[in-house]
2 protein chains.
Amino acid sequence: MPDDIRNVHTALSMITEPWQPHRLTSINDYDVKVVKLQGEFTWHTHPETDELFLVLSGVLTIQMRDRDVVLHPNDVYVVPRGVEHCPMASEEVHAILIEPQGTVNTGDAGGDLTSPLRELDGS
Amino acid sequence: MPDDIRNVHTALSMITEPWQPHRLTSINDYDVKVVKLQGEFTWHTHPETDELFLVLSGVLTIQMRDRDVVLHPNDVYVVPRGVEHCPMASEEVHAILIEPQGTVNTGDAGGDLTSPLRELDGS
């Protein structure tokens, strides 16, 4: 397979730890990332951008201050910019994230769960 | 299900014709679309933007002038801006497209296959 074709499941199989987004590909100045999610993340906000979640497997709850959004496989939800949220998955979830390049996973919250965007080749 | 959660397969089930992208959701000024593809499209270029294809089912060939890219389910390919291409699917393909709002499906080629972006509510 030419290396500019990326398979979502092959990419996910290379990820060993939750909460570490890996770049699948880019379109213009947006990154399309794959990620495994398990446990509870940290409450945070992306003041400058929306954030798209597409769940591939598992059940993901995106907690927000006024409600929870529960996503099943093939569900898509866009957290609007500026809306505080905290993803939570009691069992492992596989998901695609889309957001502008440079978006930090923990947004304005920082902390130990902040992860650099990783490449699938391990860099 | 709250109407700001979109299910990819529910959305696809509402599409009756090939080559008619329907908006699933938006992130900032990008649209995430679902589309059915069958037959051969038209050769065209998007001079201003990359275009992302994520194949959900079926086999999609993206013909380009120097090679063909063949995508199976869960494969992602980004056609770089300015690269002439012509999608082709001998059997029906379901796919997600991502591109900036206002991107026309036939790019610079126009013609009968030009489709307005459709909404899932039929508008």
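Asn28(A) counts as partly exposed, with 18 C-beta neighbours inside 10 Å (a residue is buried if 20 or more other C-beta atoms, placed from the backbone, lie within 10 Å of its own, exposed if 12 or fewer, and partly exposed in between). The model is predicted: local features need pLDDT of at least 70 and side-chain atom pairs count only at pLDDT 80 or more, while totals for chains, interfaces and linings use all residues. Residues are numbered from 1 along each chain as its sequence is written, and chains are lettered from A and ligands numbered from 1 in the order in which they are written.

Asn28(A) lies in the loop between S2 and strand S3 (30-40) of chain A; helices (H or I, at least four residues) and strands (E, at least two) are DSSP runs, numbered from the N terminus. Its phi is positive, near 55°, although Asn28(A) is a residue other than glycine. Trp19(A), also not a glycine, has a positive phi of about 65°. Trp19(A) belongs to the loop between helix H1 (8-13) and strand S2 (22-27) of chain A and is partly exposed, with 19 other C-beta atoms within 10 Å.

In chain B, 5 of the 7 residues of strand S4 (residues 51-57) are buried, so the strand is largely enclosed by the rest of the structure. S4(B) pairs (at least two DSSP bridges) with strand S7 (residues 75-79) of chain B in the antiparallel sense over 4 bridges, and Glu51(B) stands opposite Val79(B) in S7(B). S4(B) also runs antiparallel to strand S8 (residues 85-100) of chain B, joined by 5 bridges, with Val55(B) opposite Ala95(B) in S8(B).

Chain A is superposed on chain B by a rotation of 180° with 0.0 Å of shift along its axis (RMSD 0.0 Å), by least squares on the C-alpha atoms of residues with pLDDT of at least 70 in both. That is the relation of a two-fold axis.
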